[in-house]
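Please look over the two-chain model below. My notes follow, point by point.

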Amino acid sequence: MSNHQDPDQHDSEPSNVDPDAHGGLSRRNLLIRGAGVAAAFGFGSSILAACGSDDEEAGSSTSAAPAADTAADDTAAPGTTPDAGTAAGGGAPSGDPIKVGVLTDVTGAFSVVGASNVAVAQFAANKINAEGGILGRPVEIVVGDGASDAAAGATAARTLVESDQVDVVIGGVASFTREAVKGIIAERGDTLYIWPASYEGGECTPNVYSTGAAPNQQLDPLVPWLLENKGTTFFLAGADYIYPRNVLAYVRELVEAGGGTVVGEEYYPLDATDVATLISQSIDSGADIVFSVAVLPLSVQFHQGLRDGGFEGTIAGTLFDETATVLFGEAATGMICCQDYLYTAVDAASQKVADDIIAESPDTLFTSTINSPAWYRSFYLYKAAVEAAGTTATAEVGAAFDSASFPDNPGGAAAMKPGTRHCSLPIYIGEVLADGSVKVLVDAGVIDPVECG
Amino acid sequence: MESEIRLVFDTLSLTSILVLLVLGMGVIVSMMGVFNLAHGEFVLLGAGCALLSDRWLDSAVWGMVLAPIVVGLIGVVLERTVVRRFYGRQEASLLATFAIGLIIRELVRSRMTIQVATVPPPIESTFTFLGAQLTWWRLILIVATPILLTVCLVVLRKTSLGLTIRATLDNPNLAESTGISTSRTYSLTFGFGAALAGLAGALIVPVLNFFPDLGVRFVIRSFISVLLGGVGSFAGPVVGATATGLPTGLLPNWLSGVWPEVIVICAAIVVVRFRRNGLLGGSR
């Protein structure tokens, strides 16, 4: 407990990290930036479905979204993209821009996520334009601020679809935003909606495509590996809302199918302040593995409390990556994670994507838990779909999106699995090391989503 | 054996934390009749003192010393500028204190990129007792709570300040006519309650971590403790906090962790229905 590596919370920006002199991305930079990610993510996805009850309350504050008024400033300035000729696509794009609505939480509790999402979106749009655009047309992003609030998200989505008349909307941070906007965009707006987040699964609305990992993609490789390498008794712990409950229900299934035993399964209320009893129950259960879907802020107390209480087994979960050490300090060491992108797992070309984005916008967090890789591939999957369809019309692009692929996905080739509305992804199992980096233990290969069957 | 030790330790620690947090609210409610919904944010500000002192001075101890002073002063200022305008209008004062709390909380939130921060306790590490590994700082909270409780009792029962406060509570007009400045007394009482909240916040933050909702999550529980124990006496809220804290520590051993709170709140409603003035029913 002596070595608390948490960043200074009162620095409103994690940018006290010096920009790396070599133009690359130092481990430490990645970590400190990553911290915000996971923090925000924990909050974000934590509140997801659990915040359904917030909706009515939020309903009154319809004017909350500065929405698309920031859009004009944030457009990708398609004509100004430098070096267009150097890229594979050849000549500079021309003609009417293809408008991509970028719906994320620029303000509010998840603003750390939103800032990175916008940076990644801008970077991807610029890169596509430099490579010749889509069908020879430039890509222009239009930012809508969901303000970490379902009602504000709905307003922003309406503005994007009705006033800005975007061709596609990519976005949403928390599931409650997805629930609030998907009808507006995909059904009434008849516009393609891409949901770029690892989440609880089950999103099968027409015109909606998910590009993050579904639960089975993380758990199918992870749980059997844990059974084989770390022990056979599991204690399942999480916050009490849809994401942990869905994930842990599936973990239980896999553990029991694999011959292991679940010795306990406990949830703490989302508004809890003290998880002392959960910590004691986890330890008393004598489990080899605590499978944790605890979310911020209580996850810090829970994971540190496990180690302080003398738990010597393995802590594994779906919400860990390079940010774990920054959040949990020494307690993170040895945590087992499973993601579609780990900085150390991917090849030099993939790492360069992260390095380039961070060189351009130094505060950007390029880690799995902030959805950055999913945002990036969403742009390229959309590009592939439009090019296959030869048009931006929703029905044709949707049909093409169903089997779109992106060979240069950071982390390894990704492709939509036809009929599932979800994306087949490369998956890596990793272990958090004492220095905060994640060591890749297993390259699990490409895992298909089991969704919308 | 280990698990029994942990059970007792957790229960004591959960209960002491709740008692610690209720103290300040109890003082303000009982002595002034004001339900201060900004109480949680006073706790948060106290926790913030510990956090900043850890970051700037490398130890949370100074923050713990300064928290009651800083937050107490903030309390006095708020009483003079806002809260006193709403005396005698309970609903309005609820709304006013709620607004104050909201402003403080959202200011803190907007200052934090990462929405949680750890504050290392001044005494780190753990000890082992009959096989169970326990944390020192929780033990210190268990010990500190009764001490603080005693200090409060002494202040209210044995000092002239306490006498003034009680006189003002009992009969403001009579107190005023004997030369006591009731408005000054209200400021001091509110400040004292705020100081207790600040101290509680600084003491608990090494265990619970710092996050913007830290305080507000305790407000409803504190509120219920006060209602359960009974308004109008100092002991009431403390008894109420103990009565709500013990089951939340013990019940998770037999029930899923999401139930104890529900059960405690239901039980509190039943108790308050049949003993309108709480467990210590109106004994001033």
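**Notes on the contact between the chains**

1. Chain A and chain B share 6 residue pairs in polar contact, both residues at pLDDT 80 or more. A polar contact is a pair of N or O atoms within 3.5 Å; within protein, one must be able to donate a hydrogen and the other to accept it, and residues adjacent in sequence count only if both atoms are side-chain atoms.

2. On chain A, helix H1 (27-47), strand E7 (261-268), helix H9 (276-284) and helix H10 (298-308) each supply at least two residues of the side that touches chain B. Helices (H or I, at least four residues) and strands (E, at least two) are DSSP runs, numbered from the N terminus.

3. This is a predicted model: local features need pLDDT of at least 70, side-chain atom pairs count only at pLDDT 80 or more, and totals for chains, interfaces and linings use all residues. Residues are numbered from 1 along each chain as its sequence is written, chains are lettered from A and ligands numbered from 1 in the order written, and side-chain values use heavy atoms, without hydrogens and water.

4. The contact (heavy atoms within 4.5 Å) takes 45 residues from chain A and 40 residues from chain B.

5. There are 2 salt bridges between chain A and chain B. Each pairs a side-chain nitrogen of Lys or Arg with a carboxyl oxygen of Asp or Glu within 4 Å. Asp274(A) forms one with Arg138(B); their closest N and O atoms are 2.9 Å apart.

6. Where does Ser175(A) sit? It is in helix H6 (residues 175-188) of chain A. Its side chain makes polar contacts with the side chains of Arg178(A) (2.9 Å) and Glu200(A) (3.0 Å).
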